[in-house]
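Try each task before reading its solution.

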Amino acid sequence: IASNPMGSYSTDQSTALQATTGGRTTDDEYQRTMGAFFSFFWLMRLGLDGPDSFSFGLDEEWTPRCPPANPAMHSDEVKRRLAFRQNADWSAMHQLLEDAGIMKRMAVASEAHHDPERTLAMLSLTAYHDIMKVQ
């Protein structure tokens, strides 16, 4: 990717390490923005595969990774991810989206509906929040 449509980010090594007004490189800002998109997407899917994706990420096929069968045999990172998956207050996160008017609770969590205008507003804010940092 040479640049996004706004020309804000670049994987060109001559510009990827340039600092933004926030002090981070454009490459760092791009990675943070993509992470924010994924985080929001996974929060919108809390009734489905969101908690596993949020905690363990995706595999090479872009499917959610599952919790390991035996965490005692894995690294400290996996143990921390599993602890996060088990201890995160997922209902409070969903409540935050409800309070913001982004999600509307239904009788079954997997049937929750989103407000298209508020969802678009959140995605738009995520997309352009760093534009003013690029010099």
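Buried means under 20% relative accessible area, exposed means over 50%, and partly exposed lies in between (1.4 Å probe, protein chains only). By that scale Asp49 is partly exposed, at 22% relative accessible area.

Two notes on the ground rules. This is a predicted model, in which local features need pLDDT of at least 70 and side-chain atom pairs count only at pLDDT 80 or more, while totals for chains, interfaces and linings use all residues. Residues are numbered from 1 along each chain as its sequence is written, and side-chain values use heavy atoms, with hydrogens and water left out.

**Exercise 1. Sketch the chain.**

*Solution.* 
Step 1: Take helices (H or I, at least four residues) and strands (E, at least two) as DSSP runs, numbered from the N terminus.
Step 2: Counting these runs gives six helices and two strands.

**Exercise 2. Examine the salt bridges.**

*Solution.* 
Step 1: Side chains of opposite charge can pair when their charged atoms come close. Here the test is a side-chain nitrogen of Lys or Arg within 4 Å of a carboxyl oxygen of Asp or Glu.
Step 2: The count under this rule is four.
Step 3: Arg45 pairs with Asp49, with closest N and O atoms 2.7 Å apart. Arg45 is partly exposed at 25%, and Asp49 is partly exposed at 22%.
Step 4: Arg81 and Glu77 pair at 2.8 Å, N to O. These two sit four residues apart in helix α4 (residues 76-87), so about one helical turn separates them. Arg81 is partly exposed at 32%, as is Glu77 at 41%.
Step 5: Lys104 pairs with Asp115, with closest N and O atoms 3.8 Å apart. Because Lys104 lies in strand β1 (residues 103-104) and Asp115 in the loop between β2 (113-114) and α6 (116-128), this pair ties together parts that are 11 residues apart in sequence. Lys104 is partly exposed at 43%, whereas Asp115 is buried at 17%.

**Exercise 3. Trace the nonpolar core.**
Which residues form the largest nonpolar core, and which element gives the most to it?

*Solution.* 
Step 1: A nonpolar core is a set of buried Ala, Val, Leu, Ile, Met, Phe, Trp, Tyr and Cys residues joined through side-chain atoms within 4.5 Å.
Step 2: The largest has nine residues: Phe40, Leu43, Met44, Leu46, Ala88, Trp90, Leu97, Ile102 and Met103.
Step 3: The elements giving two or more residues are α2 (26-44) and α5 (90-99), and α2 gives the most, with three.
Step 4: Beyond its neighbours within four places in sequence, Leu97 contacts Phe40, Leu43, Met44, Ile102 and Met103.
Step 5: Move on to Thr119 in helix α6, which is buried at 10% relative accessibility. Setting aside residues up to four places away in sequence, Thr119 touches Phe40, Met44, Ile102 and His114.

**Exercise 4. Visit the end of the chain.**
Where is His129, and how far is its C-alpha from that of Thr33?

*Solution.* 
Step 1: His129 is in the segment after α6 and is partly exposed at 38%.
Step 2: His129 and Thr33 are 96 residues apart in sequence, yet their C-alpha atoms are 8.7 Å apart in space.
Step 3: Tyr128 is in helix α6 and is partly exposed at 47%.

How values were computed:
Contact = heavy atoms within 4.5 Å.
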